Amino acid sequence: MSAETTESATRTARPQEPGKARATIGALVLVVLVVAGGYLSNADWGKLPDIFTEGWRYFYLMLKGLVQNPFSEPYSEYWSSAFTGMLESISMAWIGTLIGAVLSIPMGFLAARNVSNQVVVQITRVILNVIRTLPELVFAIILLLPIFGFGPNAGALALGIGAVGTLGKLTAEALEGIDPGPVEAARASGAPRSAILRWTYWSQVLPEVLAFWLYRFEINIRASAILGVIGAGGIGSVLSQAFRYREWDFIGILLFVIIVVTVLIDSVSGAVRHRIISGTGKTDKDIDTEPVGL
Amino acid sequence: MTVASPSASGPAAPARPRKPAPSRALILGLVAVVAITAWAAWEIEFELTSLFENFSNGWVVIQDFLHPNWSYLGNASTAWLETISIAVVASFFGVAVGLVFAYMASQVTNRSTRLYRFTKWFLAVLRSLPDVAYVLIFVALVGVGSLAGILALFIFNIGIAAKLTAETIDAVDAGPLEAADASGAGTFSRARWAVQPQILPNFLSYALYIFELNIRSSVVIGYAGGGGIGQLIQVQFARFNYENVSAIVISMFVVVLLIDQLSQYLRRRLV
């Protein structure tokens, strides 16, 4: 290469390749981090082959549970308790999302820079950030179990509190992004503050906020399974129970029900979200991308 | 508002336009929402009276929480090291495998419609299970410990990384792709040289986001038997050592906040 370029000096020289030093250093640091992580995580790597040897056996057992006649004992019992658990999880997620949605409306207005004054905005944002930092599980174990006891009611409240953090933040961001025109028009016509908030701010963000709620509902269905593991009811409780007794055929049925129902609800809710957002004529916006911030 | 009513304005003024009646879809939707809410509330026996009746039970716990046991932070820091290591390993391998799936889950890079459909379906199934279900599965396979947590997060991360990256791939600039096609590039080199440079900044920022997610879900992972800080919380909570749990929760604030800041800084430099 070098010989060629020196020979044909009259030809424009090939541009020098940009340095790769930074990329190489980055890759090296990453490798060191991963190796150190593998060592410091105290993981018992020797057990890794187990997932291949044992995994197939368990997977076979799970499939076997699925293909059994669902009307024979004990499989009819398995299926019905799977569906009851899933319904309870969905109810928990629904009520939790509603609680979060209702509480997030005032929080969103208080945290929007173009609605409230600076001090209120900062305080509200701190509260929302604190809520967002803590997982639902922490709310459930700290406050709700001692007061409400183990059960779906405590789970729904924990999901609701957890949802306020993200929904409040997203609502505030939506409010900050509105078109100021209608606000000025309403102000010019002498509308009271409550009417301005209701008919100019809220009307503009309503479709977006509804989509956030639905998306949060989808997330809460998964989160309700997590709460179930600590005893908040729903499919999570049934699942951890089944794992405790290693009933693999039952586990297979439970996982199947979770997958099918979740995919179904996701697609229905996704279609509704799509309809809500595109109904406002915002077709240029990429409507299928979900808010990563959730 | 009442001043503007048509009767008050002069006869010359045009009548105020009638308010459009609410659409049938809206009414049906609202009825459905109310019905589902009522049913769901009944299903989980929703009530708030406990909040007032049993508040004293909770108050005892809250008081313990207000007096965190600071000396416990030492134990928490070793558990945090474990959690962060789990997250690093799981996100690294998760996003690496997720990238391959992302190429298979976009019609820009995957020219086989059948394989594309299958990948999409497979990823939807992968994403529909909550992380805790994976932890339970791997705890059953390899026993309680960090390995179960790493494997569970690894599988979980593949689904998210593949979905987010596939959406980015769908939106790449077609120019380089056409150039690669014109020069007769194969499926692999097309993906590597025409697509990857375009998506790399976004992909790295997704990787950071997934790392953050893994730190956040560490409580859940550990609670179900996947090692790290969650396991510590579970043990201390089961022993009713609320002062220790409080110290852990405070350390969680600090760690999550620091990692958020770090990842925001890195992401700003990337994108």
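Predicted model: local features only at pLDDT ≥ 70, side-chain atom pairs only at ≥ 80, totals over all residues.
How many nonpolar, polar and charged residues does the lining of the second largest cavity have? The count is five nonpolar, two polar and one charged.

From chain A come Met86(A), Ile221(A), Arg222(A), Ala225(A), Ile258(A) and Thr262(A). Ser128(B) and Pro130(B) complete the lining. H9(A) gives the most, with three residues. H9 and H11 of chain A each supply at least two.

Now turn to the largest cavity. The structure holds two cavities of 30 Å³ or more, and about 50 Å³ of space lies in the largest. Its lining residues are Thr83(B), Ile86(B), Ala87(B), Leu153(B), Asn214(B), Ser218(B), Ile221(B) and Gly227(B). Helix H4 (73-104) and helix H10 (218-223) of chain B are the elements that give two or more residues to this lining. The largest share, three residues, comes from H4(B). By class, the lining has four nonpolar, four polar and no charged residues.

Next comes a helix in chain A. H10(A) spans residues 235-244 and is mostly covered, with eight of its 10 residues buried. Among the buried ones are Ile235(A), Val238(A), Leu239(A) and Phe243(A). What do the buried residues of H10(A) pack against? In chain A, the partners are helix H4 (75-111), helix H9 (193-229) and helix H11 (248-278). After H10(A) comes Arg246(A), whose phi is positive, near 55°.

Charged side chains are the last stop. The structure holds 13 salt bridges over all chains. One of them joins Glu54(A) and Arg57(A), at 3.5 Å from N to O. Both residues lie in helix H3 (residues 50-67) of chain A, three residues apart, about one turn of the helix. Glu54(A) is partly exposed, at 25% relative accessible area. Arg57(A) is also partly exposed, at 45%.

Another salt bridge joins Glu176(A) and Arg113(A), at 3.9 Å. Glu176(A) lies in helix H7 (residues 152-176) and Arg113(A) in the loop between H4 and helix H5 (118-133) of chain A, so the pair ties together parts that are 63 residues apart in sequence. A network of salt bridges links Arg113(A), Arg125(A) and Glu176(A).

In chain B, Glu167(B) and Lys163(B) meet in a salt bridge of 3.1 Å. They are four residues apart in helix H7 (residues 146-170) of chain B, so about one helical turn separates them. Glu167(B) is partly exposed at 25%, and Lys163(B) is partly exposed at 22%.

Notes: Residues numbered from 1 in each chain as written. Chains lettered and ligands numbered in written order. Heavy atoms only, no water. Buried < 20%, exposed > 50% of the residue type's maximum accessible area, 1.4 Å probe, protein only. Contact = heavy atoms within 4.5 Å. 1 Å grid on protein atoms, 1.4 Å probe; cavity = no way out; pocket = protein on both sides within 12 Å on 5 of 7 lines; lining within 4 Å. Points joined across faces, edges and corners; volume = space filled by probe spheres on them. Nonpolar A, V, L, I, M, F, W, Y, C, P; charged D, E, K, R; others polar. Salt bridge = Lys/Arg side-chain N within 4 Å of Asp/Glu carboxyl O.
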